[in-house]
Each structure stands twice: as structure tokens, then as C-alpha cells.
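Please look over the sequence and the structure shown here.

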Amino acid sequence: MTRRRPRLRPTLRLRLTLLNGVLLIGAGAILLLLAWLLVGDALRPTEQLQPGTLVELTDGRTIDARQWQEQLVQAHSRELLAKGLVALLAISIVGVAGAYAVAGRALRPLHQVTSTARRLGEATLDQRIRYSGADDEVAELAGTFDAMLDRIGGAFEAQKRFVANASHELRTPLAVMRTEIDVTMADDEADVAEYRRMATVVRDASERANNLVDALLVLARSEAQAGRRLARKAPTDLAAGASSALSAMRVEATRLKLQVDTTLEPAPVVGDPGLLERLAGNLVENAIRYNHLHGRLWVRTGSDPEQAWLVVGNTGFEVEQVDVPGLFEAFRRGGRERTGARGSGLGLSIVRAVCDAHGGTVSAVAQSGGGLEVTVTLPAADTTPVVAASAVVGG
């Protein structure tokens, strides 16, 4: 078998070198031509002499001035052309070699980007280029690449943390069910009451696991539509969703003797009604669940020609403002891991994902006396077209 010869690649370094060489040779050729013309014009003094003027040379010969001039111009032109071509060739070789070396040095960070990208993997996401050269476009590219790696590393760590927390949350109710079943089945004297107690514990654990799975599905559905066109868009009102959420949690609010203040003005939007209803339900549920006895809960909705908003606030435990962004991460509460705590820990994560899917924003402000106020802002209905779901079956 014949060995294939390596093909010369038109790399960026080679193209920059060729471009520099062409420009250098072209500029040298123009200068050489200009010098040749100037020398030829400068060596024509006989135009000011009378015709028939003779010139006596050092060797004693006498020659016509115009003939002597032609010989002088030809000799010096040939000498200038020969020396100029030699100089142009030398300058071109040195210039092309220098351009090749300078281009290689300038493009070295690009090779570092390539080699770093080839080495990247799960165990090498901490590698960076850390370019320390001049503050030019290459430095900007290297810095952008390092920043991209930082974002990828953060997202990868968040994904691993999410998977670990989700696994832990799912494993806890399953372990509770298995333990209860094993203990009850091993007791030969267990009666109907004991089996009923075991069934109640298993039912509660299975309900917790089912709620977690539902929350994960809603979160995945919301994040899948973030930044894209929603699969379903229909007119809905944030005020109606907030009212339904308050009605569903009325028993719990009464048990805690909460003071509920509502200002539910129309807040028409266009989006997925199911996701928007879940958004309002999660906010109201969190505001009640993490409140205290005789606390306060306030819910406000409203709109203007550009946007609609939903505000849900509550009293409760104190939250540092620096910990507020962590509340919108999955399985976190107050900047701390919330696995094993009450609830699935996905409420505000779902709120954030639903807002992203609808092109809106969500923000939260920690209250001075404890509690949190969350504000959801979505594009108003007048600025969002209604898209009816449809399916086309090909023939």
C-alpha cells in the first residue's frame, strides 16, 4: 500500500504569510520601478546642449554627447535593475520568513484554544488558556473561550448537583416504604392496625415521590421551552391563576391564621395556561408553607400596555439578600441544600423556568423583618400573538 503524502493545508498562518509576502514583493517592485524611472530621467543632461556637442572622455576618446548619454543610461539602468532585484529577493525572503514567525507567534493562543478544546472532558473542565499577551483580538478570543469554559463548568456542576439531589429525594421515600414494609412483614404478631399504619406511611411516601416526579416533569417541560416558541399559547389572566391558588391553599392559610391581602386587578397575558397556573400556585404555596403563625400574605396583580405582573409576598424566616439567587436553584433553600426538607425544593426553579419560557423575568427581595417578596413580570397580552396548536399529517 502506498503511503499518502500529507496535503498542504491552507492554514491561517500560511495565508497571512502569503499575503504579507505578496504585499512586500509588490511594494518592493513598485519602488524598484520608480527608482529605475527616476535614474533614467536624471541621467539625461544633454537635452540642454546644442546638437552635435562632443564629450571628451578620460581615455582620450571624443564621442557625441547624446550617444554618451544613452550608453550611461543603459549601464546604470542595468546595474540598478540587477542590484535592485537581488535586494528585492533578499528582502522578500527575510520578510516572508519574518511574517511566518510573527504570524505563528500571534496565532499561538489559537493553537492553545484548539489543544485545550481537544483535551476537555469531564475531568479536565478546570483547564484554561489564561492568555497573558497583548490586549488584542487574540486576547479577547482567549478570554471569551475561558469565560465560556467557566459557564460550561458551572452548568456541568449544577447538573451533577441536580442529579444527585433528585436521586436523594427519590431515594428517601423509596427507602421509607421499603423499611416500613420489611419491618411490618417481619413482625409475626402484626395486626390489622399495624398494617394500616404501614399502609398510611407507604401512601404518604409514594405521594411525596409522585409529587417530586410531577415537579421534575414540569421543570423539564418549562426549561425545554425556555427561549423558544411555546408549544401552546392561549389568553389567560394572572389574576385568575392567583385566585385559584389562594382558594386551593385556603385551608392551610386558615390553619396558620394568616392575614391575606389581595389586590387582584386584571393581568392578561398569552401563554401556556397550565404552566402559568403552576407558576402562581408555586408562589402562593411557598408563601404559605414558609410562613409563621399569625403571619401575613399579600398577592397583587396588574398590567399596563407593555407588561403584566404578579407579586406574592409573605412574612416568615429571615433570608439574606445574597442568598436570594440560590432560592431559584433546584433543591435549595436560603442558599442551602434542601434535600430531605419539607417540599420538593423545585417550586421557585419551576417559576424561573416558566418565566424564561414566556419571555418574562422574576425577581425576589428579602424583607427586613423576615420573608420574601417575589415579582413576576411577563409581556402583556397585547404584545404577544396567540398561536393555536396544530398538527399536519403528511400524505
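G302 stands opposite W309 of strand β7, and W309 in turn stands opposite T377 in β11. This is a predicted model, in which local features need pLDDT of at least 70 and side-chain atom pairs count only at pLDDT 80 or more, while totals for chains, interfaces and linings use all residues. Residues are numbered from 1 along each chain as its sequence is written, and side-chain values use heavy atoms, with hydrogens and water left out. Helices (H or I, at least four residues) and strands (E, at least two) are DSSP runs, numbered from the N terminus.

Strands β6 and β7 run antiparallel and are joined by seven bridges. A hairpin of three residues leads from β6 to β7. Two strands count as paired if DSSP finds at least two bridges between them. Strand β7 (residues 307–314) also pairs with strand β11 (residues 372–379), in the antiparallel sense and over eight bridges. Within that pairing, A308 has L378 of β11 as its bridge partner. Strands of a sheet pair through backbone hydrogen bonds, either parallel or antiparallel.

These strands belong to an open sheet of five, in the order β4-β6-β7-β11-β10, with mixed pairing. Its edge strands are β4 (259–264) and β10 (361–366), each of which pairs on one side only. From one strand to the next, the twist averages 10°.

Helices pack on this sheet too. Helix α6 touches β4, β6 (296–303), β7 and β11, and its direction makes about 160° with that of β6. Angles run from 0 to 180 degrees between N-to-C directions, and axes are lines fitted to C-alpha atoms, for helices over the stretch in contact. Helix α10 (residues 347–357) packs on the sheet by touching β10 and β11, at about 145° to the direction of β10. Contact means heavy atoms within 4.5 Å.

How enclosed is β7? Six of the eight residues of β7 are buried, so this strand is largely enclosed by the rest of the structure. Buried means under 20% relative accessible area, exposed over 50%, and partly exposed in between (1.4 Å probe, protein chains only).

Helix α6 (residues 238–248) also meets helix α8 (residues 273–289): their axes come within 8 Å and cross at roughly 50°. That makes α6 oblique to α8, given that angles under 35 degrees count as roughly parallel, over 145 as roughly antiparallel, 65 to 115 as roughly perpendicular and the rest as oblique. On the α6 side the contact is made by L238, G241, A242, A245 and L246, and on the α8 side by L276, A280, G281 and V284. By class, this contact has seven nonpolar, two polar and no charged residues. Here Ala, Val, Leu, Ile, Met, Phe, Trp, Tyr, Cys and Pro count as nonpolar, Asp, Glu, Lys and Arg as charged, and the others, Gly among them, as polar.

Another helix, α1 (residues 12–42), contains T17. T17 is buried, with a relative accessible area of 5%. Apart from neighbours within four places in sequence, T17 is in contact with V96, A99, Y100 and A103.

The protein chain has 10 helices and 11 strands. Of its 395 residues, 34% count as buried.
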